[in-house]
Amino acid sequence: MNRGQVVVVGGGLAGVTAALRCAELGFEVRLLEARSRLGGATYSFVRGELVVDTGQHVFLRCYTAYRGLLRRLGVADSISMQPQFRVPVLSPVGRPAVLRRWNLPAPAHLAPSLLDYRMLTVAERARVARTALALRRLDPDDPALDDISLGQWLRQRGESPRAVDALWGLLAVAALNAEPGDASMALATKVFRTGVLDSTDSADIAIPQVPLGQLHGDAAHRALLAAGVDVRVRCKARTIHRSGTGFRIPVRDGVGDSVLTADSVVVAVPHRAAAPLVADLPVPGVAEWGRLSAAPIVNVHVLYDRPVTGLEMAAVLDSPLQWVFDRTAIAGATRGQYLAISLSAAQEHIHARTEDLHDLFVPALRQVFPHARDAQILDFFVTREPNATFRQAPGTAAIRPPARTPVPGLVLAGAWTATGWPDTTEGAVLSGTHAAEVVDLDQRSQRGVEVTA
Ligand SMILES: Cc1cc2nc3c(=O)[nH]c(=O)nc-3n(C[C@H](O)[C@H](O)[C@H](O)COP(=O)(O)OP(=O)(O)OC[C@H]3O[C@@H](n4cnc5c(N)ncnc54)[C@H](O)[C@@H]3O)c2cc1C
């Protein structure tokens, strides 16, 4: 049964999820994507023999919605999940340490590792353990927590600057794309509770073993076509108008301008693109969306002529390096070793010249990987994502809108909407699933079908 026409605007993970779910619910679905490929913020390009991801992505075992999407796309086998959370932590000025979990009930699963974490003094380790227990009692939905930063809260707890840098910040900067002093305590609570503290295995890290373009974009395109979705790439929605009980959507594609109609529209684009699209419609709070702003991520890519480290992944302290990943096999390199340095909250690097980043990061890699001192660099390049996520600062919880708008049939999705999660692949997929549920419920109530959900 055709239950009506849905147009999904935006082919990132949120839009892909919403389109698939709406098709499964019996709607006739069109997905519009302005670019030439699906996958949104997650994409890859070819450089020489490498297939390069513009930004290293990792996820955690607790990303259940995202993992569900990977299964739905038939690519769940293309990721590698740690059997147990384990992060080597390197420093140019000291011996390496390891953060790992044990098979103990939470929160004891982390205690042995924290108490043994040699990047901190014994007193700092004991305080960190107490702070973790206090954090576990916080409610991420408490609005008061969104008034303060993670850095403020940690200072109030008496955490030392070293503990903030070497433990809390190590995880929070990567998860929230913000320094602790700029990260909402509400979102930090979500990350640390759901991601680390509440259950034994939630923090186990997963890394895609194929380029993101293949994992998300190509697989999504195949799954959408199989589900009967009309996928239109290089097709940009220009605005959205109300028309009777439905919508008119003027679009521009390779052929020219045309107008689509729909009973429901899911707007699954970033906030800066969503605001002009809904400008003609009575959606509350739109003027505030710009305050979500943006935070950059920079990846520095180095191809060596020989292996320089046996580590698949490492975090680095006391260095401009944050996290380093071995991408040799994933990118298809046939010689040497290809490392990607992932730099979150990268305001200081986003406008830096590639030569300057070379002069900063090549010596930094030599400091922590001694074999890099003798290795030749075959390629060095930088990818910059100025709008990688919204700026996940205090005060953002009240700005992020819910999926449902006061306009029946107009639904919002995207990792920036009110998902309860930070701007992540998990948030994007949750938002898409929720958007499809709202389309379904709205359509049932418009047609007078009894709603039991
Ligand atoms: C470098 C980088 C590293 C990251 N690392 C991680 C990580 O390790 N773990 C993690 O969980 N998350 C990470 N993220 C965040 C994660 O990628 C995003 O949260 C998620 O992909 C956002 O998905 P989305 O569908 O909400 O939005 P997007 O992916 O931004 O998709 C929106 C789509 O809408 C399209 N669009 C915009 N306007 C229009 C229009 N008018 N008409 C048609 N189409 C339009 C855009 O072209 C885009 O494809 C990272 C992001 C970046 C950039």
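Strands β5 and β9 (residues 205–208) pair in the antiparallel sense over two bridges, where pairing requires at least two bridges found by DSSP between two strands. Strands are DSSP runs of E with at least two residues, helices are runs of H or I with at least four, and both are numbered from the N terminus. Phe 59 has Ala 206 in β9 as its bridge partner. The open sheet comprises three strands in the order β5-β9-β6, with antiparallel pairing. Because β5 (59–60) and β6 (79–81) stand at the edges with a single partner strand each, one side of each is left without a neighbour in the sheet.

The model is predicted: local features need pLDDT of at least 70, side-chain atom pairs count only at pLDDT 80 or more, and totals for chains, interfaces and linings use all residues. Residues are numbered from 1 along each chain as its sequence is written, and side-chain values use heavy atoms, with hydrogens and water left out.

The ligand is surrounded by 34 residues, counted when one of their heavy atoms lies within 4 Å of it; the closest are Glu 33, Ala 41, His 57, Ala 415 and Asp 423. Polar contacts are pairs of N or O atoms within 3.5 Å. A polar side-chain atom of His 57 lies 2.8 Å from a ligand oxygen atom, and one of Tyr 63 lies 3.4 Å from a ligand oxygen atom. For Thr 425, a backbone N or O atom lies 2.9 Å from an oxygen atom of the ligand. Of the 1000 Å² of accessible area that the ligand has on its own, the protein covers 91% (Shrake-Rupley method, 1.4 Å probe).

Methods:
Polar contact = N/O pair within 3.5 Å; in protein donor to acceptor, adjacent residues only side chain to side chain.
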